Amino acid sequence: MVEPVGNHYVIARPVYSENAFNEEHEKLHRYHKTFWDHLKLYFSCSPQRAKKIALRLFPVVSWLPAYRFREWILNDIISGINTGLVAVLQGLAFALLVNVPPSYGLYAAFFPVLVYFIFGTSRHISVGPFPVLSLMVGGVVTRLVPDDSTGNGTSTNTSAINDERVMVAASVTFLSGVVQLLLGIFQFGFIVIYLSQSLISGFTTAAAIHVLVSQLKFMFQLSVPGFNVPFGIIYTLESVFSQITKANVADLVTSLIVLLIVFVVKEMNDRYKEKLPAPIPIELLVTILAALISYFVNLEEKFDVAVVGKLEEGFHAPVAPDADILQKCIGDGISIAIVGFAVAFSVAKVYSIKHDYPIDGNQELIAFGLGNIVGGSFKGFASSTALSRSGVQESTGGKTQIAGIISSVIVLVVILAIGFLLAPLQKSVLASLALGNLKGMLMQFKEIGILWRKDKYDCVIWVVTFLSAIFLGLDIGLAAAVAFQLLTVVIRSQIPSCTVLANVGRSNIYRNRKDYTDIYEPEGVKIFRCSSPIFFANIEFFREKLITVGFNPLRVLRKRNKALRKIRKMLKKGELQVTPKGLICMANPTYESEEELDNNKIEELDQPTIMTDLPIRINWSTDLPPGITVPQVNIHSIILDFSSVSFLDFSAMTVLRKVISIHEFVRLDIDIYIAGAYDGLLDKLERSAFFDEEIKPSMFFLTIHDAVLHILLKKDIANSPKLKEPVMLKTTLNPDYHFVVQCEIWKQKLEVFIQGLRPTESGL
């Protein structure tokens, strides 16, 4: 019973072991579904289930009929136009990262949007090219189709190389889409949990550096080959700076001016976003201005700058992926699929929380998988969602994916009708626009200091991920980062936090004894907590930490057995005599070495101490005969707090059983109690034959305090010969947080027991 008393509470209940609690409170026997039950349910079919699956597979059917046309349509139109303009420019710019002609970036900005409109669950993200994915695809492209090393730059040769690169980009995109689709079908949406926020942040920051380096050749207009190998970024920088004297000054100046303008205006958009009705479309303005200047000044002929050139109008017929290419880029396809989904899901999750609607990770995988399959079939490259573009769609008032459809219409108009207007645009302008969208990613360097103060493990993960992705490349770097992150999890669980607890404030609260001054530790009782699952990898660490709580039980057991051997020899020689007061030494004892005491029977030292053949029972805590020393043991009970232990595996059970009974604590007459074990542990231990005559289920208690009160009561009954009858214990927590232990005894002297449990003497 719990009664409130002001801001205190009063508890009155018996001391519960697990067995006592289960006997008093009947536990329901619930049927737990087996794997086959789940499998049958998954493949079962009914009209309701079919409808549910259809609505889940086609989310547009759920939200489109409920679309509030009058309230939302204007916002979606404005948002769609702004997002579409940004999508056109980013599609052209990110195509440079893939090393394919710019027009193919428009296909990547068009087809995935249409597919996501039907299958996606997020209402606010803008689907299309993403710089990190574009760079990863570009790495595959340059590896399989390197630059022409012969220097023969004829249009025919360049066109053939471009066609091959487009095919590689389309094939790896198709493969990544298949991977995402399969992961979604088999419900592997949880895979994103293995990519922590620190890992994604470090990876995208490294990708931003790769994007920056990859765009230098367009800013300086240099012929730099692609190096998709470990330390490729160093080789790229070496190639750039070795040719720096050949840089095109006009392209460099244009790039710097565009970068400066874009950064300044984007900073204004961020600083005054509350006052501006919509962000200033600086990319669009800069593009129009740069195209007009290039057209009227004729920069291509006067300064030999590189321009976008004629964009192909219309669409290509869908093509099947190249089987040879697919075999060579399986690993790349998997990494592109996972990174693309992780980034898109992270952004979608942010907006779903902000606007309070659910998203489905598995359905998102299906949506992006189908989008990449369709996009790759039409010679586009991998899509996800760009943070800046999604920000434009949401900040300009977009309510649903109707805004995405309108943005795709803008892209369609450029593809079919007005793409020729972008022909005179300098490639260096597109490179600068691509870099202008990296501000948010580059600013993530600030997270290092924040993470170091909050969680040093996360900070190390960030740094290792960044360095791995920088020097090993994005594909190998991502794999290395995930492996390192999982290693940190293993290390943290393998070396868990183990503490010794004490009672704080004379209440039922137990905390680390090193953190508080007002503590109480029952005499001879140690409370040990392990804040981690206990399994094969950390059970030995757990055992070592438990031993350091007080003493090494195996060492004490061996010392006692050696002492018994020596006592037997001294009794046999007459050097010891038994008296009512104990053992008295009658002569100078003969000292023997440790080897002589071992007597080549070391294994016997690990057996329980047997005193049945002695005329007196040895009390190890009293004075022993001269020449015999045994470590003092001041502990009679150890409580293992399992409230933070989520599971034990079979290896841990075996070692734990050995620690408790076989040759450790029980053989030294030390009682072990386990408190706060998770539900089902007792059943699991019984199935594993954990219990025997020495280890019994009665050692399990509901809480630490139940175990402590049980130990104190047991000790007082043992020390008081007048308390022979069974005692019922009842505890009450009074408003002063002091425990009063009341005992009801059949016609016994109550004062003897209460005297031993007063707060001033025993602490509770």
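Predicted model: local features only at pLDDT ≥ 70, side-chain atom pairs only at ≥ 80, totals over all residues.
Residues are numbered from 1 along each chain as its sequence is written, and side-chain values use heavy atoms, with hydrogens and water left out.

Entry on the whole chain. I find 32 helices and 15 strands in the protein chain, taking helices (H or I, at least four residues) and strands (E, at least two) as DSSP runs numbered from the N terminus. Of the 764 residues, 48% are buried, a word I use for under 20% relative accessible area, with exposed meaning over 50% and partly exposed in between (1.4 Å probe, protein chains only). Among contacts (heavy atoms within 4.5 Å) with a separation of 6 or more, 79% come from residues 24 or more positions apart.

Entry on the β12 region. I see that strand β12 (residues 671–675) is largely enclosed by the rest of the structure, because four of its five residues are buried. Strand β11 (residues 637–641) pairs with β12 in the parallel sense over five bridges, pairing requiring at least two DSSP bridges between two strands, and I638 has I672 in β12 as its bridge partner. Strand β13 (residues 700–701) also runs parallel to β12, joined by two bridges, and I674 stands opposite F700 in β13. From β12 the chain crosses through helix α30 (residues 681–687) to β13 in a right-handed β-α-β crossover, that is, clockwise from the first strand over the helix to the second with the strands pointing away from the viewer.

Entry on N269. I located N269 in helix α13 (residues 249–271), and N269 counts as buried because its relative accessibility is 11%. Leaving aside neighbours within four places in sequence, I find N269 in contact with L276, P279 and I280.

Entry on L486. I located L486 in helix α25 (residues 474–494), where L486 is partly exposed at a relative accessible area of 38%.
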